[in-house]
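User: Please go through this structure with me, taking confidence, packing and charged pairs in turn.

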Amino acid sequence: MPRAPIRTTAAAGLLLLTAAVAGLPQGPAAGPRAGRVERRIAAWSADFRQTAEFTRYGNDNTRLDDWTGGDGTHSVRLPDGRTLWLFSDTFLGRVHAPPGPHGETHHWRTSGTGGTPSLWHNSAVLMSRSGRARRTLTGGGAAAPGPFFPDPPGGGWRWPVGARVEPRAPGATARVVRVLLWRRTPGTGPWIFGEPHGTEVATLSLPGLSLEGITPAVDQAAVPDPGRRVLYGTAVVPAGGWTYVFGGDDPPTSPASSGFLARVPAGRLADRGRWRFWDGARWQPRAGRAVPVLRGGGRRGVGASFTVVRDGPAWVLFTMDTGGDGSAWLRVITSYWAGAPQGPWHGPHGRLTPPRPPADDPRHVVVYNPQAHPERTGGRGLLLSYDINWLGPPGVPPGPRVNGAVELYRPRFLRVRLAPPAP
């Protein structure tokens, strides 16, 4: 079933993250004085063209073993100009034009044979240089597709998050794609959709994008409390010869997690021995010594399915407004800024309420997982995606709703402009 974006479900894929000062930085300097670094959301608009492209591709029944909906939207630009879009839970199948079985006015989904569609734990969609979605990558074959990143032995699943193109080996000219994966294992109680297990790195060949292997990066299985296990990779940002990797823990009783930060020398994501973790004063090799760089409390807090970009000397973080009132964390996007990746982070600043698709019961349509796509950003501003889902009363599964109206489980897109605050 699709990930329901609620805190009692780590399964929802909405690991939620937070903000606070975490000591003096080591590595990048804190940056120029705040007036030059500070960034706010200056303007935004819906990007109907990008949203429409995934609508077109999802509704196209030329093949019945390709993407018709999903969440966990991340992307990476390939050396030849194509874009690889990475999705977590994914529906394939056939999409039917309205009316639905009971006269509904939405496009709706079945399996290729007309039955209930299957949900796979991940997939990837390959987009051409011109911006047209062309092909879905899954495991298995057309007759029996499965997740592109296979479920691990012994149970559980993998969700892809951030990715980078790197040299195959230090100093090599050949390149590969490294994809960070969140590994989750079966759980109960607040983790009925899976407990956090650890972060892995998958290697994809270029240009063919075949899966060459998956290796562990940050294993958290030895941490006894699942709520304190940190999964890294919701945001991956290069800067100054390093790759900075943001992550979050998964407390079961709060809509806001704590955020953590690791870094790896550029091109070395698959080398677990080169990972270093921020402990509040320095970078060190023991993940268990990491301390939050972003901590929730009061009106502050960010979601672990968040995103970070650089804008000149500023680092800017977009997140659901987990510190807002009521259901803001399922409706409203806000931002923070810092002069260095480890903070101090300032905010929240601004409130952006993105449009949701029409639905018969709109109060149950939720927004989550804002993600920036700098590789597809131009003069119109930063491209930002957000995921849509249906979250009804407790015990009511979302599957029938998101299959009965396919737009309720697809990404939508915005263009966001950043600027220093007005005097």
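The questions and answers below cover those topics.

This is a predicted model, in which local features need pLDDT of at least 70 and side-chain atom pairs count only at pLDDT 80 or more, while totals for chains, interfaces and linings use all residues. Residues are numbered from 1 along each chain as its sequence is written, and side-chain values use heavy atoms, with hydrogens and water left out.

User: Over which residues does pLDDT stay under 50?
Analyst: pLDDT is the predictor's confidence in each residue, from 0 to 100. The protein averages 88, and 91% of the residues score at least 70. The stretch that stays under 50 is residues 1–32.

User: How many residues does the largest nonpolar core have?
Analyst: Such a core is a set of buried Ala, Val, Leu, Ile, Met, Phe, Trp, Tyr and Cys residues joined through side-chain atoms within 4.5 Å. F318, I333, L384, L408 and V416 have the most contacts (heavy atoms within 4.5 Å) inside the largest one. Its residue count is 31.

User: Is D279 buried or exposed?
Analyst: Buried means under 20% relative accessible area, exposed over 50%, and partly exposed in between (1.4 Å probe, protein chains only). D279 has 19% relative accessibility, so this residue counts as buried.

User: Which residue forms a salt bridge with D250?
Analyst: A salt bridge needs a side-chain nitrogen of Lys or Arg within 4 Å of a carboxyl oxygen of Asp or Glu. For D250 the closest N and O atoms are 3.0 Å apart, and both partners are buried. The partner is R184.
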